[in-house]
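Please look at the sequence and the structure before reading on.

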Amino acid sequence: MSKNINPLWWQNGIIYQIYPRSYQDSNNDGLGDLQGIISRLEYLHWLGINAIWLSPIYPSPMKDFGYDISNYTDIDPVFGTMADFDLLLSAVHRMGMKLILDFVPNHTSDQHPWFLASKSSKESPKREWYIWHDPAPEGGPPNNWLSVFGGSGWEWDEHTGQYYYHGFLKEQPDLNWRNPEVQENMFNILRFWLDKGVDGFRVDVMWHMIKDAQFRDNPINPGYRAEMPTYDRLLPVYSTDQPEVLDIVFKMRRVLDEYPERVMIGEIYLPIQRLMIYYGDKNNGAHLPFNFLLLSVPWEPIKIAAAIAEYEGALPPGGSPNWVMGNHDRPRISSRIGSGQTKVAAMLLLTLRGIPTLYYGDEIGMRDVPIPFDEVQDPQGLNMPDKNLSRDPCRTPMQWNAEMNAGFSESKPWLRIDKNYTLNNVDRQKADHYSLLNLYRKLIRLRTEEPALNIGRYIQVCADDQAISYIREIEGSSRFLVVLNLSHRPYYFKTTQKTLSGRIEISTLPEMEGMITQGTIELDGDQGVVMRLDQ
Ligand code: GLC
């Protein structure tokens, strides 16, 4: 039997990420808001997800669309009011779901009163709250560290004659997490939201929070190529993932542990072995360091099987696995692997061992939308215009129906909507038995009902040039076989094992559901099945 027979909500949940600006507009200003989300909770409940993660909703000058926060304990008027938030939280809870907020501890907005005070004078009591440094002896920035969004990570402040560090935009100065006052103030912000009853946090760029105390230069990246982001010219070995960051992570976790059943998710883009360290040596770190393997692994069965094996093998004892297939920073899955494979991808995400995080719109196969250059909003796209790095294409408004602006808003949306919205939208897919949306819903339901698919063991069966297959099981309870054809050609899953006979529970082709199979399973191109095995 599985050891973990009574998992906590987040250990067997399904998380759904909402980019609030693009979900649902309620006041027709072309921007999504909290009341809009409230009006769509029924849909999320119908879909069957357990937890909603909201990208930032706090007051912000919106230089990085909310990831530049000027007040951590309020709501930006674009999204509504604190009263709207309270309504949202209680409605989510009433429906038996959970609400996870985005916490952005690495940096504030340059308009945050803390930074305004910090830059007012070298003697300001808030000076040490940020990372200030004298110029290099020969003049210029203190070292070679780069900003993720292009250019140097250092910005000169004429008034006080020092540079400040910003890993992202210059309007996003990095906080100095070595300062205990910063720690205490940030932890109290967590408590503010936890006291309100939020169920956890997704912690933004967790691995960036502490920098080398000696500010050593980062080494050159020998693998850099011109089409890569300029940030990749160097290897950020001194500006990110410092050993001391774990102390901060552990302290943050202790704050969450003051409250029952809250979850801490870490946004961490690191190689798997480094990622695992963020679980903590006694599972006292992030509950879920985000696993981003599926965002970049080549869509080939052998490589995917290897990625799963690597992840499964690297997990520390007691560490809860998780899988992510899309977010507001990365190309949408449909555009990355092609629309023909979106059903197979859904089946993979929802049958792997690990909490799945869905990105809004992926459940209807929304694509990256080309945004003309004069409409680009994302600073990453604007700062490196020749590299096709804008994140706008994956942030376009949710396609609800075939009405004006896809039912998102009655005014011009902040980003253009995919031209295909009259054909591809929630309403249409809801009514279509064959739709991706209905497949997501079925997979979510089965995963929720069947502990084997949720927390059961993962056993690889086979991976070849076309397909991947695996079993999910709880010994003595139920067993499922998943076969996914990642190619467009027919695939023949052959086995002589008697134990692999059973009944197809879910298929990307609903006609096959209910079929009893034994021996060979013939699959169409781009097809996947989840089969309940006979005992
Ligand atoms: C994270 C967010 C991204 C943001 C960056 C800076 O990577 O996901 O959207 O731009 O942090 O806060």
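The chain is divided into domain 1 (9-108 + 180-214 + 239-379 + 391-442), domain 2 (113-165) and domain 3 (458-533); the bounds come from an automatic or database domain assignment. This is a predicted model, in which local features need pLDDT of at least 70 and side-chain atom pairs count only at pLDDT 80 or more, while totals for chains, interfaces and linings use all residues. Residues are numbered from 1 along each chain as its sequence is written, and side-chain values use heavy atoms, with hydrogens and water left out.

Taken over C-alpha atoms, the centres of domain 2 and domain 3 are 57 Å apart. Along the principal axes, the C-alpha atoms of the chain fill a box of roughly 75 × 50 × 50 Å. The radius of gyration of the chain is 24 Å, which agrees with the value near 24 Å for a compact globule of 535 residues. That radius is taken over C-alpha atoms, and the globule rule is 2.2 Å times the number of residues to the power 0.38.

The secondary structure comes to 15 helices and 19 strands. Helices (H or I, at least four residues) and strands (E, at least two) are DSSP runs, numbered from the N terminus.

Helix α5 (residues 180-196) packs against helix α6 (residues 245-257) at about 30 degrees, with the axes 10 Å apart. This makes α5 roughly parallel to α6. Axes are lines fitted to C-alpha atoms, for helices over the stretch in contact, and angles run from 0 to 180 degrees between N-to-C directions. Angles under 35 degrees count as roughly parallel, over 145 as roughly antiparallel, 65 to 115 as roughly perpendicular and the rest as oblique. In α5, Gln183, Phe187, Leu190, Arg191 and Leu194 meet Ile248, Lys251, Met252, Val255 and Leu256 of α6, where contact means heavy atoms within 4.5 Å. The residues of this contact divide into seven nonpolar, one polar and two charged. Ala, Val, Leu, Ile, Met, Phe, Trp, Tyr, Cys and Pro count as nonpolar, Asp, Glu, Lys and Arg as charged, and the others, Gly among them, as polar.

Helix α5 also has a contact with helix α3 (residues 82-94). How do these two helices lie to each other? Their axes come within 11 Å and cross at roughly 55 degrees, and α3 and α5 are therefore oblique to each other. Met82, Phe85, Asp86 and Leu89 of α3 meet Phe192, Trp193 and Lys196 of α5. By class, this contact has five nonpolar, no polar and two charged residues.

Finally, the axes of helix α11 (residues 342-351) and helix α14 (residues 436-449) come within 10 Å and cross at roughly 15 degrees. They are therefore roughly parallel to each other.
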